[in-house]
Amino acid sequence: MNVATLTEQPSILKAAALLPPRLSLGSTMVVHGVSKLRAEGTAQHASLFEQLGFKPGKPWVIATGVVELLSGVSSILGIATRPAALAVLVTQAIAVAKVHGSKGFDNTKGGFEFNLALGAIALGLLLRGPGPLSVHSAIERRVKRKELRRLRFLPRQRRRSVLLDVLG
């Protein structure tokens with residue numbers, strides 16, 4: 001790809017720029033969540049959670065698994081991306097504080113390198129939102145078209161737009 005191609009079609013590049021972070025974060029979180037929600041995974045993680053001070057462990061594992069699964073699906077689809085990113089930031093901060101922080105940076109030694117990368121992606125999505133190639137953007141375009149067709153902004157429509165902006 002040459003420089004002329006990059007500068008000629010910036011809207012296409014901008015639209016696609018948030019797909020790789022969303023897909024990588026989302027797929028990672030789905031895998032983590034599903035592994036905790038399987039019967040053997042729940043039992044395995046429950047003892048670890050109890051050792052970390054989360055007692056009883058099983059409900060905490062299930063809650064974490066659900067949060068990870070939902071945040072992953074949300075990231076992939078690009079709907080409720082900001083709440084999903086916030087959930088990822090919280091889970092990764094706890095993982096670093098309770099498990100990986102004392103082991104240093106190096107991921108191969110159990111360190112927080114991978115958690116930091118996931119957190120950085122999540123922070124970027126929290127700040128920027130899902131981007132134009134997302135379910136959120138499709139819904140937002142539809143809502144805005146309805147508002148423009150009516151040529152007035154009713155309080156209910158304004159609330160819908162604000163809610164969409166917050167969910168990102």
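This is a predicted model: local features need pLDDT of at least 70, side-chain atom pairs count only at pLDDT 80 or more; totals for chains, interfaces and linings use all residues.
## The largest pocket

Let's start with empty space. Rolling a probe the size of a water molecule over the atoms shows where such space is left. Here, the largest pocket comes out at about 600 Å³ in volume. It has 26 lining residues, and those closest to its centre are Lys 36, Phe 49, Glu 68, Thr 91 and Ala 95.

Which elements give two or more residues to this lining? They are helix 3 (19–37), helix 4 (39–51), helix 5 (57–77), helix 6 (81–100) and helix 7 (113–128). Helix 6 is the top contributor, with nine residues. If you sort the lining by type, you get 13 nonpolar residues, ten polar ones and three charged ones.

Side chains of opposite charge can pair when their charged atoms come close.

Are they buried or exposed? Glu 68 has a relative accessibility of 4%, so it counts as buried. Lys 36 counts as buried too, because its relative accessibility is 8%, and the cut-off for buried is under 20%.

Leu 23, Val 73, Ile 76, Leu 77, Val 135 and Ile 139 make a nonpolar surface patch of about 420 Å². Helix 5 and helix 8 (135–150) each supply at least two of the patch residues, and helix 5 gives the most, with three.

Leu 23 belongs to helix 3. With a relative accessible area of 40%, Leu 23 is partly exposed, because that label covers values between 20% and 50%.

Most residues other than glycine have a negative phi, and most peptide bonds are trans. Two spots in this model go the other way. Lys 55 and Pro 56 are joined by a cis peptide bond, with omega at about -10 degrees. Pro 56 lies in the loop between helix 4 and helix 5.

The other spot is Ala 80, a residue other than glycine with a positive phi, near 55 degrees. You'll find Ala 80 in the loop between helix 5 and helix 6.

Technical notes
Residues are numbered from 1 along each chain as its sequence is written. Side-chain values use heavy atoms; hydrogens and water are left out. On a 1 Å grid over the protein atoms alone, a cavity is a set of points where a 1.4 Å probe fits but cannot get out, and a pocket is an open set with protein on both sides within 12 Å along at least five of seven lines; lining residues have an atom within 4 Å of a point. Grid points are joined across faces, edges and corners, and a volume is the space filled by probe spheres set on the points. Helices (H or I, at least four residues) and strands (E, at least two) are DSSP runs, numbered from the N terminus. Ala, Val, Leu, Ile, Met, Phe, Trp, Tyr, Cys and Pro count as nonpolar, Asp, Glu, Lys and Arg as charged, and the others, Gly among them, as polar. Patches are made of residues with over 30% relative accessible area and no salt bridge: like charges are joined within 9 Å, nonpolar side chains (Val, Leu, Ile, Met, Phe, Trp, Tyr) within 5 Å. Accessible areas come from the Shrake-Rupley method with a 1.4 Å probe; for residues, only the protein chains shown count as cover. A salt bridge is a side-chain nitrogen of Lys or Arg within 4 Å of a carboxyl oxygen of Asp or Glu. Buried means under 20% relative accessible area, exposed over 50%, partly exposed in between (1.4 Å probe, protein chains only).
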